Amino acid sequence: MPGMVKIGLTKAEAVTRTVELSRTTSVPMEFELVYDELVSNCRAVEHRLHERFAAHRVNQRREFFRTPVRQAIAALQEEASLYPVTPHAEERRDILPQLEQRFR
């Protein structure tokens, strides 16, 4: 949607989420993924970005903003730097449930 940027989080692959959003009949054209960033706290980064661009929000119940793409990317990079991902964090798993079940 020309002139608008969707700023939102996903815990899935960004490309997968883009396809999901594009499949709905309620959007006039497919979404185009222009940038994504892996962060340690996606909810905090999303919240900070939504606050930062609040004056440019198209609808208070939607994650669309009228702002240049470059400005949105620069803001995301800045906010993401506050929530870095530790090396190999994506390889970590919570094994506590397995241990509890095994060793009750």
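Me: Why is Arg43 called exposed?

Reply: In this predicted model, Arg43 has a relative accessible area of 52%. The term exposed applies to values over 50%; Arg43 is therefore classed as exposed. The residue lies in helix α2.

Me: How do you know that Arg43 is in contact with residues beyond its neighbours within four places in sequence, and which are they?

Reply: Contact requires heavy atoms within 4.5 Å. With neighbours within four places in sequence left aside, Leu9 and Lys11 are the residues in contact with Arg43. For Leu9, the C-alpha to C-alpha distance to Arg43 is 7.0 Å, across 34 residues in sequence.

Me: Which residues of helix α2 are called buried, and what makes them so?

Reply: Ala44, Val45, Glu46, Leu49 and His50 are the buried residues of α2, which spans residues 42-52. Buried denotes a relative accessible area under 20%, so these residues fall below that limit. They pack against β2 (64-65) and α3 (69-80). Across the protein, buried residues account for 23% of the 104 residues.

Me: Which residues does Phe53 touch, not counting residues up to four places away in sequence?

Reply: Phe53 touches Ile7, Phe65, Thr67, Gln71, Ala72 and Ala75.

Me: What makes the lining of the largest pocket nonpolar, polar or charged by class?

Reply: Asp, Glu, Lys and Arg count as charged, and Gly is among those that count as polar. By class, the lining has 26 nonpolar, seven polar and 10 charged residues. The pocket holds about 1,300 Å³ of space. Of its 43 lining residues, Gly8, Ala14, Leu33, Tyr35 and Asp36 are the closest to its centre. Elements β1 (5-6), α1 (14-23), α2 and α3 each supply at least two residues of the lining.

Definitions and conventions. Residues are numbered from 1 along each chain as its sequence is written. This is a predicted model: local features need pLDDT of at least 70, side-chain atom pairs count only at pLDDT 80 or more; totals for chains, interfaces and linings use all residues. Side-chain values use heavy atoms; hydrogens and water are left out. Buried means under 20% relative accessible area, exposed over 50%, partly exposed in between (1.4 Å probe, protein chains only). Helices (H or I, at least four residues) and strands (E, at least two) are DSSP runs, numbered from the N terminus. On a 1 Å grid over the protein atoms alone, a cavity is a set of points where a 1.4 Å probe fits but cannot get out, and a pocket is an open set with protein on both sides within 12 Å along at least five of seven lines; lining residues have an atom within 4 Å of a point. Grid points are joined across faces, edges and corners, and a volume is the space filled by probe spheres set on the points.
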